[in-house]
Amino acid sequence: MIEFFSALVRWLQLTANLVLFGSYVFLAIIWYEKKLPELGWARKLEQLFPWLVTIVLLGLIGILASTAGQATGNAINTWDLTAWVEIMLKTRVGHLWVVRFLLTMLLLFIVLRLRHLDRVRWHYVLLAFAAALPLVAGSLVSHAGAEEISFASVAPYTLHILLAGAWFGVLPAILYIIREAVRNSQTGAAVVYADFLKQFSTLALPIMILLFMTGWMAADRMIGDYYHTLVSSQYGWLLNIKLLILSIILWIAYRIRFIWLPLFIREGEHTGIAIGQLRKWVGIEFSLALILVLVASLLANTLPGKHAI
């Protein structure tokens, strides 16, 4: 039961943090002068941010609780505040948890402070930087950080997480854009939505390539020379599942980029069909990405293949 609870809160916390980071990066890149905050999809996205930060905070509390229960081997300690304090004061994981919690509180302060100000581009740059800090700190709790604190071991995993946010975190915004495009398909505003989607598509390809490369580097350190553990350990099977899901996502992204998006940009008689297909396939991509993040969070808390022998 503790294992299930731990996996759930880690998944929720990571998902919310990735969406925050990716959304802010996307909004900073596509800055549409002062017209951007006036767009319906951007307003809806902005309304999500305080709730997402709250989910990150609650997820961190859940992580601390599950860590207390798992570290002591007693499920009762999951909700024992004394055990929580012991973890925070006497363990490296606890110290890093405090850093992550404080950084998330800082993010919440910035989100609330800037919420009612007239948006300018640097707001999103600042928010993206603040949202990245808990992710960076979280990477130090991973296998890479647990083995040794060095640039060579931590940097690929940290970069991998940030790249994941720059791709996965943008998908909710893309879904909002497509839904608004569906509602306004008869107003001649398709060119604006198409431009936003085109910018994301242009960025997504190099991000996915770098995501694969950094993921390979991080996984190689966890497997070492024991390649048989790819099919003989829980870590190996989770990694295989992650790669399978990623392959399907790349196939979907290919179809979106080279089939449905060009059809939508042309604004011809097939625009309606193109919007429908974009909505369908981006929705599927987002659903698979949620599963991918779940598998990744499980992978980060599973005994590495090279140690499972």
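1. Surface patch, main contributor. In this predicted model, helix H9 (residues 190–223) supplies the largest share of a nonpolar patch, namely six residues. Leu 205 is located in helix H9.

2. Surface patch, membership. The patch lies on the surface and consists of Leu 205, Ile 209, Leu 210, Phe 212, Met 213, Trp 216 and Leu 243. Together these residues have about 690 Å² of accessible area.

3. Packing of H2 on H3. Helix H2 (residues 40–72) packs against helix H3 (residues 81–90) at an angle of about 95 degrees, and the two axes are 9 Å apart. H2 is therefore roughly perpendicular to H3, since angles of 65 to 115 degrees are classed that way.

4. Residues between H2 and H3. On the H2 side the contact involves Ile 61, Leu 64, Ala 65, Thr 67, Ala 68 and Ala 71. These meet Ala 83, Trp 84, Ile 87 and Met 88 of H3. By type, the residues of the contact of H2 with H3 are nine nonpolar, one polar and no charged.

5. Packing of H3 on H4. The axes of H3 and H4 cross at roughly 95 degrees and come within 5 Å. H3 is therefore roughly perpendicular to H4.

6. Residues between H3 and H4. From H3, the contact uses Ile 87, Met 88, Leu 89 and Lys 90. From H4, it uses Arg 92, Gly 94, His 95, Trp 97 and Val 98. The residues of the contact of H3 with H4 comprise five nonpolar, two polar and two charged. Ile 87 and Met 88 are listed in the contact with H2 and in the contact with H4.

7. Salt bridges. With a limit of 4 Å between side-chain nitrogen and carboxyl oxygen, the count comes to two salt bridges. In one of them, Glu 46 pairs with Arg 119, with the closest N and O atoms 2.9 Å apart. This pair links distant parts of the chain, 73 residues apart. Glu 46 is in helix H2, whereas Arg 119 is in the loop between helix H4 (92–114) and helix H5 (121–139).

Notes. Residues are numbered from 1 along each chain as its sequence is written. This is a predicted model: local features need pLDDT of at least 70, side-chain atom pairs count only at pLDDT 80 or more; totals for chains, interfaces and linings use all residues. Side-chain values use heavy atoms; hydrogens and water are left out. Axes are lines fitted to C-alpha atoms, for helices over the stretch in contact, and angles run from 0 to 180 degrees between N-to-C directions. Helices (H or I, at least four residues) and strands (E, at least two) are DSSP runs, numbered from the N terminus. Angles under 35 degrees count as roughly parallel, over 145 as roughly antiparallel, 65 to 115 as roughly perpendicular and the rest as oblique. Contact means heavy atoms within 4.5 Å. Ala, Val, Leu, Ile, Met, Phe, Trp, Tyr, Cys and Pro count as nonpolar, Asp, Glu, Lys and Arg as charged, and the others, Gly among them, as polar. Patches are made of residues with over 30% relative accessible area and no salt bridge: like charges are joined within 9 Å, nonpolar side chains (Val, Leu, Ile, Met, Phe, Trp, Tyr) within 5 Å. Accessible areas come from the Shrake-Rupley method with a 1.4 Å probe; for residues, only the protein chains shown count as cover.
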